[in-house]
Amino acid sequence: MIISALKSNDSRDSRSPIHPDTVSALTTLGAEILFEKDVGFGIYTSNEDFVAKGLQQASRTDCIQKSDMVISLQPLPEDEIKSMKKGSTLIGIMNPFSNQSLIDLCAQQNINLVSMEFIPRITRAQKMDVLSSQANLAGYAAVIESANHLSNALPMMMTAAGTLKPAKVFVIGVGVAGLQAIATAKRLGARVEAFDTRDVVEEQVKSLGAKFVKIDLGETGETDQGYAKELTSEQIEKQKELQSLVCARSDIVITTAQLFGRPAPQIIDNNTIRKMKPGSVIFDMAVESGGNVEGSVADEVVINNGVKIVGISNLASKVSSHASLALSNNLNHWICDFYSKDDNKINFDFDDEIIKSSVLVHEGKVMNERFK
Ligand code: NAD
């Protein structure tokens, strides 16, 4: 079996699907591992370093055309899918909700498609969960980037030149990213408050030393996979109104509210922004999936009424080496768990919950109900 790792085809994404510290998981499988020249450029790993680990350098065309499995951090364009070997597998971050045409093309071309976003939320699959591994680092990066935009320091400092008050940080949405944002802001000495529509997170917020803001929105709840349920428009209006008081007293507001497979809810509007202090920062972590904040633009700093609204695409890429280490581990676990040494190929056993959920296309058929 030949497995190849492609270089990112998005200039805003410096991550690599392979990492020198984790690649031995693949080389010890017994498969032949190719990598696209300069795959490690964004994580300061040279081609020679990967060759020294037992991998072979190849052109992108050779990687795509010769491999039984292609690992990519982005979906591939149509011409590249068409040049893949029939019956081979494409695995990676495939953004399937925005890529129905990719799914249909893979089915038509007999390319198996594995979307790591569809790893189920079960204990056994946590080691493969790319959404969690990247959201965790994105939560960290959001705090660091927000702090860079603030004209105050985050910790309290009692100095001979006066006492500097700690910054107030408000985190909205306490999933994986929100929890890491809380923890990072606390480590930097900020005073942190947080809110989520899933009240089960109250204990987690408190355990990090932050304050949970209680906003009664009536029935909210979560799905069996732990995702938030969509609020009604009345509930969203109520949330905006009540949380605007917390935003008004905050120096940094970080929004992480997401709904799996749907556009993110807009939870901060101009009314709230007008109440905030000039110089304060709103960091919209959902900017790529519709945006939580009115007027936020990906990769731009928008100033509204003196408030800086920041949104950065592919935030985990800000810490590309750690993000690549975690991502490559996630991918390697999937490959190693389902690789059969006896047959020297992937064992697509659809009785396995992870295969059933993450393999969107197999042997020319769309397997996942959502995309049929
Ligand atoms: P996510 O990225 O889908 O959403 C981020 C957060 O936004 C969630 O906490 C959600 O409740 C919240 N949110 C949605 N609408 C909101 C609104 N209007 N106002 C405020 N907050 C809103 O979530 P996630 O990071 O994927 O995590 C969801 C849950 O799943 C978490 O409890 C997480 O710990 C859990 N999880 C479990 C596993 C596992 O069991 N293997 C893996 C990953 C995550």
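Modeller: Happy to! Keep in mind that this is a predicted model. To begin with the ligand, one of its oxygen atoms sits 3.1 Å from a polar backbone atom of glycine 175.

Biologist: How much of the ligand's area does the protein bury?

Modeller: Taken alone, the ligand exposes 840 Å². Of that area, the share buried by the protein is 84%.

Biologist: Which residue places a polar side-chain atom 2.7 Å from an oxygen atom of the ligand?

Modeller: Glutamine 258 has a polar backbone atom 3.5 Å from a ligand oxygen, so to speak of a side chain we look elsewhere. The polar side-chain atom at 2.7 Å from a ligand oxygen belongs to arginine 198.

Biologist: Which residues are closest to the ligand, and how many surround it?

Modeller: The closest are Arg121, Val176, Asp196, Arg198 and Gln239. By class, the shell divides into 9 nonpolar, 9 polar and 4 charged residues. The number of residues surrounding the ligand is 22.

Biologist: Now the second largest pocket: how many charged residues are in its lining?

Modeller: This pocket holds about 480 Å³ of space, and 20 residues line it. Its lining has 7 nonpolar and 4 polar residues. The charged residues in the lining number 9.

Biologist: Which domains each give at least three residues to that lining?

Modeller: Lying nearest the centre of the second largest pocket are Phe118, Gln225, Phe260, Ser357 and Arg370. The domains that each supply at least three lining residues are domain 1 (2-128 + 320-366) and domain 2 (150-313).

Note on methods. Residues numbered from 1 in each chain as written. Predicted model: local features only at pLDDT ≥ 70, side-chain atom pairs only at ≥ 80, totals over all residues. Heavy atoms only, no water. 1 Å grid on protein atoms, 1.4 Å probe; cavity = no way out; pocket = protein on both sides within 12 Å on 5 of 7 lines; lining within 4 Å. Points joined across faces, edges and corners; volume = space filled by probe spheres on them. Nonpolar A, V, L, I, M, F, W, Y, C, P; charged D, E, K, R; others polar. Domains from an automatic or database assignment. Near = heavy atom within 4 Å. Polar contact = N/O pair within 3.5 Å; in protein donor to acceptor, adjacent residues only side chain to side chain. Areas by Shrake-Rupley, 256 points an atom, 1.4 Å probe, with all protein chains shown as cover.
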